[in-house]
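Please keep the sequence and the coordinates in view while reading.

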Amino acid sequence: MDAGCRTIGGENFHRSQICGYSNNVRRLFEDKPGIGGEPLPGQTLKISSNVHPEASGSGPPSWIAFDKQVLCFDAYFEEEVPEKHQELYRIRHCKIYFFLEDDTIQVTEPVVKDSGINQGTILRRGLVPLPPPNEDQFYTMYDFNINTEITIYGRKYKIIDCDLYTKNFLRKIGIRLNPPASRPDDPYTTEYLESTNPFHPYERFDTLKQFLEFDGQVLGFSCVWNDPESKLPDPRELVLRYYLSDDTIDIREILPPNSGRDVVPFFLKRDKLPKNAPTAPYHPGTITDYTLLNVLAKPGRNKSYYIRDVLQTGAVRQEFYKDSDLKIGAVINVWGRQILLCDCDEFTKEHYRKKYGIVDFTPIEYKTPPPPKPEKIIPPYNGFGSEEDSLNSCKSVVIQTPHKDYRQFLVKDRYGMDSFILRYAAKLITDIAVDKDRKFIISYFLSDDTISVFEYAERNSGIAGGKFLERSRIKKPGQELFKSEPSEYYQAQDLFVGARLCFHGHNFLLVDADEYTFNYMEKNANEFPMADICAVFNKLKSMTESHGKEIRKAFAVTDPEHTNVIGYDTFRNWIVSVAAGGFSEHEIMTLGRHYGIRDNSQTDLLLLLSMAQEKLKKNAFENFEQLMTVFLYNDREKCGLLPNETCRIIFKSFKLPLPDDLLETLLARFEDNQKQVDYKKFVHALNWRENQVRAFVEEKEEDIWNQLPRSPPVTGIRYPPLLDDLFGKEE
């Protein structure tokens, strides 16, 4: 084996070919220097293609630091044309992209329509070596500047300009930019388009320039033709299109439905339209592009000779319609048919506005106003099925199912801690003594506007509790059953504390609501005016604005010890006396919740813990050690406290089988003034294996309907802030 070779992994490599790592990826380096950076004997080191300085420490690699950062240069190159004598070379404009992440280059040429040249990507993305004698090196960003030339694989590119990002980047790395160069035009194209001498001297003009300039540009007009032979009073609608590339016109007819006419491709085939055209077309051979002169040949020969008449002797001179002859209100002659131009499209308006300075494009009304649509008479509801289902059977022959509001369902369906269910406590409005003490829970589902009613099962009452009314939409009372108009149903705004509802003949009075309902209505106060504190406060202010002194004295008498707090019942009685029935119970509770003091200790903690442990025990939940491990992992400061929201997310991830209201109330009991929960005590209190709380029944359990804790009540009202907001601060 050669002394300059070595064996690595069973393979033989030269001593200059050494394995190493690049961007934490093992790879083979063919020209890695020796110790101290000195080249090995017989080794020629190649300069790296990346010229970015190496940062001290562990910095990100270039493919991350310069990801999606590209320098863009405008350039051109001259291409020789040896096979044509009309042009010796042509100018081709292109863009050069330099990718900073790996020093690769890509060259593309914008595609020009009808150029006849293969355009697009000229050079695919890759490393480009410098021209000889430096072909062992690659282009870097320091080799680019404005108004300079670069050679890529033998082709010279002249850089004339770059974008703003490229300019700023090159200035930051210390490159002094040259002034931008002018953008040259192709000499052949410029000479050909500006030349007035046509290829053929006997032709009066060259149409190629017009075609290249206006190809694809079409003027569109809406027009009508009063057919004298038609027995219908309405004119025939047409669409005229004028092609600017060759001054030709075609016309299509718009046939209304059930017109009885045959559908034809064109009313007038695309061609130049003469102004003074006869009612019938010319005979074949009358109009030709050229006039030929017959030259007699010598006798005895069968050959004949023809020459073209430059003077066009005997030719029929025709004047054709141009774009200057077409405008709104003009009448054109289409082979004896008088057609009125009534309107045009936006492109046509812009063309006439720029070329001829026309600004008035008022359309001509030619259509008779359509007769009014007959009123659709909907038959009354017949009692079969739902009203929506019966209404759909009257709209179409094929009966379709009633449309549901899926957007409302997706937005207001249960998600996380939000149940989107408004629950109210209610009682019957009746004179029957047995029914007066019956308690109900009315749930309103915001996802589909349905209502369900459950009755609380009370011991020794003789009435079985449970489901009282199936979940469904409920109509408002006092509506006719068999009618054509859709019925009105109860909405979420109709339910509030103090509202009187009638469900299928049963009258209910809403007396309370849970904490989630109050919070939801207050957050969406624009939908629930009863929970809008601003509207309720302004209503109270308008009633008490002129009785400020009397009200202050009344509150001072009520609070002889000057505690600045009065009872909720006293506050409610004062609102009722001042408003004289103008305030609902929910509006009074909204004011009380805003200015009140809540007593969180009223609900027994032991009772709540016993209910929670009973739920966990029935669902066989025993993952308390894993739960504590997750809490300790999230407690970065190891202080034993976590935010309330973080605790709820952790419990939700473990699918804790507890109702949302019960979990929120328990978390509120174990949190401090900064909303931080002592999770160790809380998990220990829930652990029914090690710390079982004995379940017991007290009189307070009667207040907890359906095993759901009620919201903490307001025990007192801070009346000084209320009086200051109503009448201003007292001097």
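Isoleucine 249 has aspartate 271, in strand 14, as its bridge partner. The model in which this pairing occurs is predicted: local features need pLDDT of at least 70 and side-chain atom pairs count only at pLDDT 80 or more, while totals for chains, interfaces and linings use all residues. Residues are numbered from 1 along each chain as its sequence is written, and side-chain values use heavy atoms, with hydrogens and water left out.

Strand 13 and strand 14 (residues 268-271) run antiparallel and are joined by two bridges. Strands here are DSSP runs of E with at least two residues, helices are runs of H or I with at least four residues, and both are numbered from the N terminus. Two strands pair if DSSP finds at least two bridges between them. Strand 13 is also joined to strand 12 (residues 236-243), by seven bridges and again in antiparallel fashion. In this pairing, glutamate 237 has isoleucine 254 of strand 13 as its bridge partner. The hairpin of strand 12 and strand 13 has four residues between the strands, and aspartate 247 takes a positive phi near 60° there. Because five of the seven residues of strand 13 (residues 248-254) are buried, this strand is largely enclosed by the rest of the structure. Buried means under 20% relative accessible area, exposed means over 50%, and partly exposed lies in between (1.4 Å probe, protein chains only).

Six strands form an open sheet in the order 22-21-20-19-24-23, with antiparallel pairing. Strand 22 (466-472) and strand 23 (500-503) stand at the edges; each has a single partner strand, so one side of each is left without a neighbour in the sheet. From one strand to the next, the twist averages 30°. Within this order, strand 19 (residues 421-428) and strand 24 (residues 506-513) are joined by five bridges and run antiparallel. Leucine 428 stands opposite phenylalanine 508 of strand 24. Helix 9 (residues 515-523) lies across strand 19 and strand 24, at about 120° to strand 19. For such angles, axes are lines fitted to C-alpha atoms, for helices over the stretch in contact (heavy atoms within 4.5 Å), and the angles run from 0 to 180 degrees between N-to-C directions.

A cis peptide bond, with omega about 10°, joins proline 132 and proline 133; proline 133 is placed in the loop between strand 8 (120-126) and strand 9 (148-152). Histidine 562 is not a glycine, yet has a positive phi of about 55°. This histidine 562 belongs to the loop between helix 11 (548-558) and strand 25 (565-567), and counts as exposed at 63% relative accessibility. Alanine 620, likewise not a glycine, has a positive phi of about 55°. The loop holding alanine 620 lies between helix 14 (605-618) and helix 15 (624-634), and alanine 620 is exposed, with a relative accessible area of 57%.

Finally, the protein may be considered as a whole. Its secondary structure comes to 19 helices and 29 strands. Of its 731 residues, 33% count as buried. Among contacts with a separation of 6 or more, 56% are between residues 24 or more positions apart. The protein exposes about 47600 Å², of which carbon and sulfur atoms supply 52%; accessible areas come from the Shrake-Rupley method with a 1.4 Å probe, and for residues only the protein chains shown count as cover.
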